[in-house]
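Please read the following briefing alongside the sequence and the structure.

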Amino acid sequence: MELLQIFAPGVPMSQPHPCPEIALSSTDFGAIPQWTTPRPPSAPSLASRSIQWRRQHSLAAAPTNHEIDRTTEPDTEQKPEPGPGPKKRNTPEESRIAYLARLAKRSPWIPDAVLRHFNPKVDKIPTRTIYAALKELQGAEDTYHPVTRLVEYLVAQRRERPNAALYESLIKANVSKQYGSAKVAAQLLREIHSHSVPTTPQIYHALLEVTAVHPDYLLRAQVLHDMMNRWYALPPSAEINIIIGLLRDGQYELAFSRLEELNRAPVNVPTWLSDLFLYTFGELGFHEETMAILKHRQRLVDIVKRVPPSPNVWQFLLDMFSRDAFYPGVKLVWDHSVAPSHIHPPDGVLLRVLNTASMHGDVALAMGAIHVLSARGVKLSLHHYEALMHVHLRHDDLRKGLTVLCIMAKAGLSPDLSTTRPIFQLLRHSSQLTDQALALLHQLKAHYSVPPAAFNVVLEATAAHGGFKVAFDMYRTVRQVCITGPDLETFDVLLQHCTLKKSMSFLEAEMDAFSLKPTKSIYDHFIRISSMQYNYDAAFRYLGMMRDRSPSNIPESWWMSKHSAMALLRRCVQNRDPRFGNLFGECHRRQLLSKDDIKLLMSVKAQYASNLEASVSHVESFEEEPLKATALVA
């Protein structure tokens, strides 16, 4: 019988030396003739289709006695002529047989009768050769069924006593991802102890390898305890299996601690283990630990000339670090992979890198991301320039920040007040910087067309420091800075600080002169300023104009803000205006006022009523004084 057929079930075999079926449950080595090789317990309930597939696979992997007894028939089937059609893909069984054939070539010290297709009888193969084949198969892939059947044959047919080598083979077979089980491996360990089979370090190493594929904390702890009691050393391969098992168990801190201990030891740690940690910790967001592993890996590359991380690892880490704006990681990956052109990140990752550099003020990193995008022909948008402007302002470089605004306008973009918030945050802290910014705008107009947004942010800072009068005087020089003149945001900034009707009327006339139509915000300012005047009828007129200017698809959607509404409602209360009811009802319908706002209006009404009553009583007493004096004289 040919052992290759045992390793690769489904191929006909010769001579009647039946290999019995392997039971699915494990029994001990008590009675040799009835002993069966343990297999993992049946899988938990799955879909009926998956169960049926696994049963078919198991049946295909375990040949019957009739199949084993048959001799191999000569291959008389005609091979099809090669044609232009697609190449036929090998079945999994054919691939496994081919793999075992390659294994035979790599193991020339094992006789061909064991690993090649020569149809010899099994009883002609020495037992030591079968043991050698078992040892060789322990390190091979997808050999669960061949190993278990081979052990079954040795015990049942060759009358081999159960020993450490056979138990080791069975435990190693349970490393199989599909058929292996930590529960079966633990049961085998109990059988070893119960039958007083001498243990070897290799048995415990095999158990640790099983727990690396099928995590079992209790089995791992028991194995480590037994090894410590027997003074068995842990080789690097066992340490690696422990680390992988801890990772699969989700015990990340213990796994990382053991990895650090392994890195400090004078052993050659495989690079794939550090890659596994980089992928796992990177996905989980453990960026500090990922950085420590990556730096250690880079030290090995620089000092010992080890293999550097692959481009896929660099790309993954840049994606994860930039996702969470982890600047040290982004900087390290950029310097070691993107700058030397080892990887080419996508545009989305480059944008995240640009934002990370902007947050931490790294001008070189930000400019590097911009250069990569520009080299690809990407048209830079507002969010690219905003990040670039922000990174300059992190270093208080006002000139470059304003220059970026001018470049944005030159590129056909339209920056607004939201774009200039970083500049305003810098200018609001010092009036001297505001004067310096205005001087810079006069210098930049010689090289660029200064956009209104650059003038507006300086105007806004000037109004914050000096008030409306100083800002109004600065507005008169707008045509000296901006060739295009002011825009709606210019008037919005001025009206925020305006309180006089005369100034409001002037600004309204200026808007008409520049053919600018008021926006919702500007109408709101008109209402607020008009409510502060003695004659507040203009506030209702602007309110009507605001509602008429609402978008056609949403009629009467424009309405005044809460601040302007409260100012107008107070005036109505003070003057007992009959329009108060309709105005209050509309504000209540739009859910503009809170309970506190309503209480405030009621208190204003009560206070005004008490003041009115006091003034009336004072007038009455003043009119009665002459009558009392006349009576006294009489």
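Which side chains meet in a salt bridge at 2.4 Å, N to O? Those of Glu-586 and Arg-589 do, a salt bridge being a side-chain nitrogen of Lys or Arg within 4 Å of a carboxyl oxygen of Asp or Glu. The model is predicted, so that local features need pLDDT of at least 70 and side-chain atom pairs count only at pLDDT 80 or more, whereas totals for chains, interfaces and linings use all residues. Residues are numbered from 1 along each chain as its sequence is written, and side-chain values use heavy atoms, with hydrogens and water left out.

**Salt bridges**
- Glu-586 counts as buried at 13% relative accessibility, while Arg-589 is exposed at 56% (buried means under 20% relative accessible area and exposed over 50%, with partly exposed in between, for a 1.4 Å probe and protein chains only).
- Shared partners join Arg-547, Glu-586, Arg-589 and Arg-590 into one salt-bridge network.
- Arg-421 and Glu-460 form another salt bridge, at 2.7 Å from N to O, and because Arg-421 lies in helix 22 and Glu-460 in helix 24, the pair ties together parts that are 39 residues apart in sequence.

**Asn-174**
- Asn-174, in the loop between helix 8 and helix 9, is buried, with a relative accessible area of 1%.
- The side chain of Asn-174 reaches the backbone oxygen of Leu-170 at 2.9 Å.

Notes:
Helix = DSSP H or I, 4+ residues; strand = E, 2+ residues; numbered from the N terminus. Polar contact = N/O pair within 3.5 Å; in protein donor to acceptor, adjacent residues only side chain to side chain.
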